[in-house]
Amino acid sequence: MNRNQRLKYGMKRVAAGILTAGYILTAGVFPVYAADGGPGTGAQQIDLTSGGSFYSYQWALKNNGNIQRVTSSLSIPISRAPGERSWRNSFGGVMGMSITQTVTNAVEGMDINIEPAWEYYESTSERRTVTVALIDTSVDITHSELQNAIWINEDEIPGDGIDNDGNGYIDDVNGWNFFSGTNEVYAGSEDDHGTHGAGTIAAAWDGTGISGIADSDYVKIMVLKALGTDEGYGTADSIIEAIRYAETNGAEICNLSLGTVAYSEELKAAIENSSMLFVISSGNGDSRGIGYDIDVWPVYPASFDSDNIISVANLMFDGTLDESSNFGAASVDVAAPGTYILSTVSGGGYGFMSGTSMSAPMITGVAALVYSCRTDMTLSDVREAIVSSARQVDGLSGKLVSGGVVDAYAAITYGR
């Protein structure tokens with residue numbers, strides 16, 4: 001791509017050079033959670049405003065088999081009589097219409113196996129602070145779930161209008177807005193996408209709302225807004241500048257839930273020359289939302305061959321790849337849950353979102369958790385642990401490097 005080629009998150013590829021990597025389910029559209037009797041016995045009403053714990057809806061962390069997806073498709077048989085120039089319903093109207101309903105049920109245990117990983121983490125006595133650069137839309141840094149997880153530039157004095165640390169960015173207390181060129185890292189509802197990823201990575205372990213994968217006492221999120229507007233666009237230049245900022249300011253892990261189909265040598269070099277571990281979404285298919293092989297039709301930066309990248313596909317709760325998820329036996333390393341993921345959204349709320357943009361933060365959270373307590377590991381070791389210890393899943397062999405889904409416990413105990 002040229003230096004100003006746009007990148008985007010979202011649901012589908014909508015134009016040459018633009019690929020989307022995650023979408024939000026609109027108000028009122030929720031997954032179906034079965035009542036206590038199990039699937040098929042009716043659905044619970046999901047209340048995300050009660051202030052209670054929503055952990056039971058985080059199937060990616062603990063899949064009890066109580067979630068399903070119901071999709072409907074409409075077909076209208078049509079025919080054209082000899083000599084006619086237009087198509088018509090072959091049954092003379094609505095009688096020819098049919099609706100097909102497909103139900104996808106969860107498979108119990110098809111999750112990231114986080115609970116034993118948390119137990120192992122809690123048993124360790126030595127931990128290090130980990131800084132995660134979230135290059136995305138921005139993050140609602142006032143969200144009660146995220147306040148403790150936000151990186152603070154201790155060398156900067158807030159609000160004095162002076163570049164105290166001399167890094168070229170004035171009052172960059174929590175990061176920087178590379179989309180607008182300001183220190184205002186939160187712009188409102190357009191930042192749902194980044195806020196959602198931040199919650200998955202390190203939302204508070206306080207027993208209310210959701211639970212993040214990593215411990216926010218040790219894992220801090222550097223907020224780097226490089227995508228803006230309600231459509232979530234950004235340029236290669238803004239991504240590159242954000243990567244360089246993150247590197248200079250001490251980030252170890254970088255989450256990139258974004259992509260494009262156009263190649264950028266500059267973006268490739270910025271990633272390849274960085275000491276950070278990059279976790280990147282593989283993308284969400286073609287214009288119809290059907291996933292494809294990015295070994296054949298590359299998506300960047302997921303298709304870059306740098307050895308400091310983990311490229312991530314979207315696993316459904318039944319153990320198959322979501323139909324929208326891209327894949328690649330050489331380009332995509334591992335799968336992680338990405339459909340109907342509940343996390344934080346702007347304005348202090350919660351919401352379900354789906355896509356590989358939701359899968360990538362799962363891996364980022366696991367990587368941060370592992371790197372924090374496995375002080376014997378380098379970032380390269382963490383990458384190897386995640387990919388090599390992935391739990392094998394039927395149907396993923398030949399589609400992913402690992403042939404499996406991330407297993408947090410296997411990764412955190414890798415080599416032990």
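**Salt bridges, a helix and a cavity**

The count comes to 13 salt bridges, a salt bridge being a side-chain nitrogen of Lys or Arg within 4 Å of a carboxyl oxygen of Asp or Glu. This is a predicted model, in which local features need pLDDT of at least 70 and side-chain atom pairs count only at pLDDT 80 or more, while totals for chains, interfaces and linings use all residues. Residues are numbered from 1 along each chain as its sequence is written, and side-chain values use heavy atoms, with hydrogens and water left out.

One of these salt bridges joins R69 and D322 at 3.3 Å, N to O. R69 lies in strand β4 (residues 67-75) and D322 in the loop between β14 and β15 (334-337), so the pair ties together parts 253 residues apart in sequence. Helices (H or I, at least four residues) and strands (E, at least two) are DSSP runs, numbered from the N terminus. R69 also meets E323 in a salt bridge, at 2.9 Å, N to O. R69 counts as buried because its relative accessibility is 12%, whereas E323, at 42%, counts as partly exposed; buried means under 20% relative accessible area, exposed over 50%, and partly exposed in between (1.4 Å probe, protein chains only).

In helix α6 (residues 379-388), the buried residues are L379, V382, R383, A385, I386 and V387.

The structure also holds 1 cavity of 30 Å³ or more. Here a cavity is a set of points on a 1 Å grid over the protein atoms alone where a 1.4 Å probe fits but cannot get out; a volume is the space filled by probe spheres set on the points, which are joined across faces, edges and corners. The volume of the largest cavity is about 60 Å³.

Terms used:
On a 1 Å grid over the protein atoms alone, a cavity is a set of points where a 1.4 Å probe fits but cannot get out, and a pocket is an open set with protein on both sides within 12 Å along at least five of seven lines; lining residues have an atom within 4 Å of a point.
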